[in-house]
Amino acid sequence: MTRRQSDRRGTGPSQRQLRVAELVRHKISQMLTRAEIHDEVLTAHVVTVPEVRMSPDLKLATIYVLPLGDVDTGPVLEALKRHRRYIRGEIAHSLDLKFAPDIRFLHDESFGEADRIERLLASPEVKRDLD
C-alpha cells in the first residue's frame with residue numbers, strides 16, 4: 001500500500017469518483033427516461049437511479065436502482081443485467097475515460113431504511129425516551 005492510499009483511507013470517495021459517478025448516473029437516467037433500452041420490462045416501469053458509486057480506480061460502477069413503488073424489483077434488475085453490455089457501451093461512448101467501467105446493478109434500499117427509521121422514531125417507546 002502506498003502512502004497516498006494510506007492517507008486516503010476512511011476519507012470517502014475522491015472528487016473524481018463523485019464527478020464520474022454523477023455523470024454515469026445522469027447518462028443511465030437519461031437512457032431510461034428516453035426508453036433507449038428496448039425491453040418490455042423497462043418500458044413498463046418507471047425506474048429511478050438515486051445513486052452511483054465508482055470504485056477508486058473508476059473501473060467499476062455500482063448503479064443503485066429503484067422501480068417506482070418498489071414493485072417488480074427482481075424483473076427490473078434482471079432486465080438491466082441483460083442489457084448491461086449495451087448500457088456499458090453507451091456510457092463509455094458518452095464519457096471520456098481511459099477505461100469503460102464495468103457496471104453492476106443493485107436494488108436501492110435507502111428509502112426503505114429511512115422509512116424504517118422514521119417508524120422507529122415515531123414509536124411510543126422511543127418517544128417516551130426522548131421526552
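**Figure 1. Contacts across the whole chain.** Among contacts between residues at least 6 apart in sequence, 61% join residues at least 24 apart. Please keep in mind while browsing these views that the model is predicted. The chain holds 7 helices and 3 strands, and from the N terminus on its elements follow the order α-α-α-β-β-α-α-β-α-α. Buried residues account for 31% of the 131 residues. The chain exposes about 9,200 Å², and carbon and sulfur atoms supply 52% of that area.

**Figure 2. Overall dimensions of the chain.** Taken along the principal axes, the box filled by the C-alpha atoms is roughly 55 × 50 × 20 Å. The radius of gyration is 18 Å, whereas a compact globule of 131 residues would have one near 14 Å.

**Figure 3. Confidence along the chain, with a look at residues 1-7.** The average pLDDT of the chain is 86, and 92% of the residues score at least 70. Over residues 1-7, though, the pLDDT is below 50, and this stretch has 2 contacts in the model beyond near neighbours in sequence. Where pLDDT is low, the predicted coordinates should not be read in detail. So if you zoom in on the start of the chain, please treat that view with this caution in mind.

**Figure 4. I28, a buried residue in helix α2.** Here we look at I28, which is found in helix α2. I28 counts as buried because its relative accessibility is 0%, and the cut-off for buried is under 20%. Not counting residues up to four places away in sequence, I28 touches V49, I63, I87 and F105.

**Figure 5. The salt bridge between R25 and E22.** The structure holds 3 salt bridges, and this view shows the one that R25 forms with E22. The closest N and O atoms of the pair are 2.7 Å apart. Both residues sit in helix α2 (residues 15-33); because they are 3 residues apart there, about one helical turn separates them. R25 is partly exposed, at 24% relative accessibility, and E22 is partly exposed as well, with a relative accessible area of 39%.

**Figure 6. The salt bridge between D39 and R82.** In this view the side chains of D39 and R82 meet in a salt bridge, at 2.9 Å from N to O. R82 counts as exposed, because its relative accessibility of 53% is over 50%.

**Figure 7. The salt bridge between R53 and E51.** The side chains of R53 and E51 meet here in a salt bridge, with an N to O distance of 2.7 Å. R53 is partly exposed, with a relative accessible area of 46%. E51 also counts as partly exposed, at 29% relative accessibility.

Key. Residues numbered from 1 in each chain as written. Predicted model: local features only at pLDDT ≥ 70, side-chain atom pairs only at ≥ 80, totals over all residues. Heavy atoms only, no water. Salt bridge = Lys/Arg side-chain N within 4 Å of Asp/Glu carboxyl O. Helix = DSSP H or I, 4+ residues; strand = E, 2+ residues; numbered from the N terminus. Buried < 20%, exposed > 50% of the residue type's maximum accessible area, 1.4 Å probe, protein only. pLDDT = per-residue confidence, 0-100. Contact = heavy atoms within 4.5 Å. Rg over C-alpha atoms; globule rule 2.2 N^0.38 Å. Areas by Shrake-Rupley, 256 points an atom, 1.4 Å probe, with all protein chains shown as cover.
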